Amino acid sequence: MLALGGASVRAEKTSHPAESPLMRQVHQALKLAEHGDQQGAMNLVLHLLEQHPDFAPAIKLKGMLLEDSGRISEAGTAFEEALKLAPNDADLLLEVGKYKLTAGQKEEALKLLQHCLRILPSDGDAQYYIAQAYHLTGQDDLALRAIRLSLKAEPDNASVGQKYGELLCVSGECEAGLRWLLKAQGSDAKLPQIDYDIAVTDLKLMDLAGSAQYAARAVESQPNDVPALQLLATADVKLAKWQEAKHAFERVLTFKTDDVDSLFGLGQCELELKNYPAAVDKLQLVLKLAPTRLLAHYYLSRAYVGMGKTSEAQHEAALHQLMMEQMTFVPAVEREGSESPIQAPAYQLLAEHREEDALRLYRKRFKGTSATLADAYVFVGKLYLARGEKEDGLRCLHHALEIQPTVRGAHTYEGILRLKRGDLSGAESEFKAELANDPNYQTAIAEMGEVRYQQERWSDAAEQLSKSRTMTPELLYILCDSYFRLGKASDADLTAETAAAYARNKPELLKDLINLLQRNGQTDLAQRLSANLPQK
């Protein structure tokens with residue numbers, strides 16, 4: 001408070017003499033606060049603001065007093081009000097930056113703290129908080145640089161050393177990070193979260209016993225700290241301490257009833273403790289909440305084996321294998337997946353008739369990769385088609401093929417358009433052209449399967465769709481129907497369950513799938529999947 005009081009004097013010098021009557025009242029309020037009379041200080045500040053509502057030092061002091069009394073939200077509002085009147089006050093920039101950081105407004109906090117450091121470049125507190133802001137916005141190199149500057153300004157500050165250790169570990173330098181964390185703990189054993197930070201670092205360094213020890217200490221000091229409980233449970237699982245891990249997971253679930261990770265961990269613990277019915281209950285709940293949690297099927301299979309339910313065990317094992325094949329068949333890094341961050345802005349650019357800007361956005365995103373200008377035109381053409389602008393979409397796809405005849409996706413997206421128009425022959429030609437360039441292109445293989453389905457060539461459709469390892473619910477639906485038409489009910493059931501997992505957020509498709517099962521006499525499975533439909 002004394003430091004901020006001094007800052008009030010510095011800010012006031014720009015418009016009021018240091019010993020003005022207004023500043024004397026601010027100093028008087030500060031003295032009352034220093035001597036423990038918080039209410040008296042607040043009364044004096046409020047009286048001053050009644051007469052001079054735009055006096056920034058008084059508003060700042062009001063924020064300080066509110067902060068000291070734990071009224072953080074009100075303090076933040078007061079600091080923001082004062083900052084509007086004194087936009088270059090470094091202390092207010094710091095306080096509002098801290099408030100924005102706490103509120104999760106990372107980008108705003110970053111701008112305020114950068115402004116603060118332009119005024120006070122060597123301020124240790126500002127460097128500390130901007131390090132956190134950089135970290136939260138994914139700029140860990142800048143975060144490390146800032147925390148080192150903070151440490152230089154305040155070499156004996158244990159909190160700064162703790163943050164330095166945490167950021168070192170985030171950057172992959174866990175051994176050095178652990179040394180700083182232990183040093184910080186040696187300076188101040190009561191640092192908030194220090195045991196938790198050490199436990200996290202130990203886990204990354206695979207010191208499982210150390211991680212469990214420090215996580216237990218973190219839980220002991222904060223019994224309701226859910227992240228610490230989760231960390232303790234994770235360490236205990238890795239140590240195969242099933243009973244201890246079970247207890248930790250159960251404590252987490254008292255605070256987060258439907259936490260999928262904890263339910264999954266508890267199911268695994270029950271399995272290892274040979275409490276098979278309890279394991280089945282928990283793992284089935286996991287799959288209800290998160291149908292694509294593939295490992296749950298594997299553990300369910302083991303639990304059913306323990307209960308002597310052979311057919312159920314075989315079914316879950318087969319389902320796990322099928323879904324794992326789908327996951328592992330897709331290349332680890334698909335360009336389509338890495339396009340996701342730019343799809344929305346590129347879509348907006350096309351809506352504004354700024355095609356060249358959309359192309360530049362793609363080239364910038366994939367600069368330094370094997371992506372070509374033809375790939376950029378495929379991307380833009382695909383977005384045009386999604387917007388219903390078929391002529392522009394086809395123009396871009398054809399231009400991509402002119403630039404690079406083997407470019408991936410151009411034939412496929414034109415084929416999908418032809419398929420939607422009912423032009424099966426044209427769609428087939430496009431997919432064949434795609435597969436001539438890339439026989440393993442999953443999307444083209446799957447879409448060829450849809451062509452065969454529309455042609456009622458059930459065996460060929462099932463072969464292509466199965467080969468594609470598609471995870472698209474609509475295509476899995478027609479694969480399921482193809483299997484039923486071929487009399488392969490067991491394959492159809494497995495495919496239906498897989499489709500239901502990926503159609504979790506598509507209730508209409510899920511209803512169609514349930515109807516398909518009912519038409520084919522699979523009433524038990526249909527009833528089980530009906531439980532996943534959203535309740536009206």
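The backbone oxygen of proline 121 lies 3.1 Å from a polar atom in the side chain of glutamine 127. That falls under what I call a polar contact: a pair of N or O atoms within 3.5 Å, where, within protein, one must be able to donate a hydrogen and the other to accept it, and residues adjacent in sequence count only if both atoms are side-chain atoms. Before going on: this is a predicted model, in which local features need pLDDT of at least 70 and side-chain atom pairs count only at pLDDT 80 or more, while totals for chains, interfaces and linings use all residues. Residues are numbered from 1 along each chain as its sequence is written, and side-chain values use heavy atoms, with hydrogens and water left out.

Let me stay with glutamine 127. Is glutamine 127 buried or exposed? Glutamine 127 is buried, because its relative accessible area is 7%. The cut-offs, with a 1.4 Å probe and protein chains only, are under 20% relative accessible area for buried, over 50% for exposed, and partly exposed in between. Glutamine 127 sits in helix α8, residues 124–136. Helices here are DSSP runs of H or I with at least four residues, numbered from the N terminus. Leaving out residues up to four places away in sequence, glutamine 127 touches Leu117, Pro121, Ala146, Ile147, Leu149 and Ser150. Contact means heavy atoms within 4.5 Å.

Next, the helix pairs. Two packed helices are described by the angle between their axes and the distance between the axes. The axes are lines fitted to C-alpha atoms, for helices over the stretch in contact, and the angles run from 0 to 180 degrees between N-to-C directions.

Helix α8 packs against helix α7, residues 106–119, at an angle of about 145°, with the axes 9 Å apart. The crossing of α7 and α8 is left-handed, meaning that the near helix is turned anticlockwise from the far one by less than a right angle; clockwise would be right-handed. On the α7 side the contact is made by Lys106, Leu110, Leu113, Gln114, Cys116 and Leu117, and on the α8 side by Ala126, Gln127, Tyr129, Ile130, Ala133, Tyr134 and Leu136. By class, the residues of this contact are ten nonpolar, two polar and one charged. For those classes, Ala, Val, Leu, Ile, Met, Phe, Trp, Tyr, Cys and Pro count as nonpolar, Asp, Glu, Lys and Arg as charged, and the others, Gly among them, as polar.

The second pair is helix α29, residues 473–485, with helix α30, residues 489–502. Their packing angle is about 165° and their axes are 8 Å apart. That makes α29 roughly antiparallel to α30. On this scale, angles under 35 degrees are roughly parallel, over 145 roughly antiparallel, 65 to 115 roughly perpendicular, and the rest oblique. The crossing of α29 past α30 is left-handed. From α29, Pro473, Leu476, Leu479, Cys480, Tyr483 and Phe484 take part, and their partners in α30 include Ala489, Asp491, Thr495 and Tyr502. The residues of this contact come to eleven nonpolar, two polar and two charged.

Lysine 506 is in the loop between α30 and α31, the latter being 507–519. With a relative accessible area of 34%, lysine 506 is partly exposed. Outside four places in sequence, lysine 506 touches Pro473 and Glu474.

Phe264, Gln268, Leu271 and Glu272 of α16 meet Leu295, Ala296, Tyr299, Arg302 and Ala303 of α18. Six of the contact residues are nonpolar, one is polar and two are charged.

Lysine 204 lies in α12, residues 194–204, and is partly exposed at 48% relative accessibility. Its contacts, leaving aside neighbours within four places in sequence, are Cys169, Val170 and Cys174.

Glutamine 193 is in the loop between α11 and α12. Its phi is near 70°, a positive value in a residue other than glycine. Glutamine 193 is partly exposed, at 41%. Histidine 353, in the loop between α21 and α22, also has a positive phi, near 60°. Histidine 353 is exposed, with a relative accessible area of 72%.

Technical notes. Helix = DSSP H or I, 4+ residues; strand = E, 2+ residues; numbered from the N terminus.
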